[in-house]
Amino acid sequence: MRHALAAAAGNDECEMNSLHQVSCFIDGKEEAGRDYFEKHYPATGEIIARVVESDRAQVDRAVEAARTALAGPWKKTTMLERAAFLERLADKLDERIDELVEEEIRDTGKPITATRSIEIPRAIANFRSFAAIAREEHLKSFETKTLAGVAQNTILRQPIGTIGIVAPWNLPLLLLTWKVAPALVCGNTIVVKPSEHSPRTAVLLAKIAHEAGLPHGVLNVVHGHGHNAAGSFLVSHPAIGAITFTGETRTGEAIMKAAATGPRPVSLELGGKNAAVIFDDADFEAAATGTVRSMFDNCGQVCLTTERIFVHRKIFEPFVERLAVLTKQLVPGDPLEASTTLGPAISDIQRDKVLDFYRRAAADGANIVTGGDVLDMPAPFAKGYWVAPTIWTGLPDDADVCRKEVFGPCGHVSVFDDDDEVVRRVNDSHYGLASAIWTKNAQRASRVAAEIEAGTVWVNCWRVRDERAAFGGFKRSGIGREGGSWSLDFYSELKTVCTYAA
Ligand code: NAD
Ligand code: 6OD
């Protein structure tokens, strides 16, 4: 892989046609397109692939294939058989993990160690988890005593039809399988539109699923941009039975409008402006290490990232100093080196958006504790999309970088004096996706966790995930919950069959 990336990076005359081509996957086979767009390797900025820009006709073909597959052999499978398929697929994905890691890094420039040991294994684990959840939840039944005798109320989970999945670029395979696994186990067929920035692992997943025995047309992948392109063609297609989306809140608004025609059920996992709260009784070192992770993992490109840090006055200065020391220990570099811990932003557009926030923070008078600009990298990474991990202090809560989601490697650290004050400030946000609190006082932890307006509150940890738990956001961070039985509820039609013994 190193050879291929270096070759692409060093070859300025590389013709578009000789580049790696990322195809769609429709009705069990790869499909080329009429138009293509260029895909850059974020670590070097070089063009390394051309990706199909699906037109409306291609999206229509994918939806048609998925609709046709609903009546094929997939229709005859039971939920338990589909759960067994998910487990077989997970085994196959395990066998091909190195390819999946390679494809994900080509698209995103993520550091290999975290990608190989955490992110792709978790993407695969989604299939095993939803298989287990389906086994647990597939059948519910109640005996109902009436004057005429005992009725049996059985709740059947039946497929909705064809699900449209629109996915983001930050955790491409993980966030895709998070939706594909429960949608499949509920018996639906699927058309996926991965982000234009991270198209590869979706196609590899579809290929491996078909090699593992998934019938043609059950899982289809189209590519391209969102607005007035493949994304909106997909979500506005009348034959799509439900839409599930992860991405920005503004895009979520457009998708909800599209879902209103029909109307179709929609699940929205949207942006965040998450807070970390460090009380003076916290385990200082665990809180500092955890907060550096919650600011900078995946270059800050995680919806659960904490960009607002509140630290109790008694420990404020030493804590900020410790954050700065730990941040300087992050290792930006070749994504393929095991020692690299910080990758680039996904694109030049994202880098420029982040740098614009850096400029605004400086103009607003922030104290820049560390970072604040691009990262100067040696060749061959000098033209990659690198931004410095950045910590600010000294801004009011209504400053832009304290209110708007940056989605980059940065956070603002504020001082607080008491519990009620910090809860009020944490909740003073349009978003409510997640929060992390650090304290050794169990009573304080449970009271503050209950008061924070967020879909997930981590106490003395961050981003510990259990696929059985409900996941989603308060306020503008989303609509609905996925995870566990909530995913099965979203991806199925529930039918009650009430039977008297004949
Ligand atoms: P984005 O909204 O720009 O794009 C997401 C997807 O939507 C892409 O595939 C894009 O092509 C498509 N799209 C864009 N406009 C569309 C339209 N009008 N119709 C249909 N599809 C359209 O988001 P992004 O930049 O890829 O991802 C980053 C954002 O995602 C951040 O805001 C982050 O917080 C959020 N996010 C949320 C969660 C969560 O679980 N809540 C998880 C990951 C990321
Ligand atoms: O871990 C998950 O299941 C999940 N949905 C994570 C979302 C992360 C956002 O970037």
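Predicted model: local features only at pLDDT ≥ 70, side-chain atom pairs only at ≥ 80, totals over all residues.

Residues are numbered from 1 along each chain as its sequence is written, chains are lettered from A and ligands numbered from 1 in the order written, and side-chain values use heavy atoms, leaving out hydrogens and water.

Start with α12, residues 348-363. Helices here are DSSP runs of H or I with at least four residues, strands are E runs of at least two, and both are numbered from the N terminus. Gln350, Arg351, Val354, Leu355, Phe357, Tyr358 and Ala361 are the buried residues of α12. Buried means under 20% relative accessible area, exposed over 50%, and partly exposed in between, with a 1.4 Å probe and protein chains only. These residues lie on the same side of α12 because they cover an arc of only 150° around the axis, taken from the directions from the helix axis to the C-beta atoms. Ile349, Arg359 and Ala363 are exposed on the face turned away. After α12 comes Gly365, with a positive phi near 95°.

Now α6 (172-185) and α16 (484-491): they pack at about 65°, axes 9 Å apart. Axes are lines fitted to C-alpha atoms over the stretch in contact, and angles run from 0 to 180 degrees between N-to-C directions. On the α6 side, Lys179, Pro182, Ala183 and Val185 make the contact, and on α16, Ser487, Leu488 and Tyr491, contact meaning heavy atoms within 4.5 Å.

Note on methods
Expected span 1.5 Å × (residues − 1).
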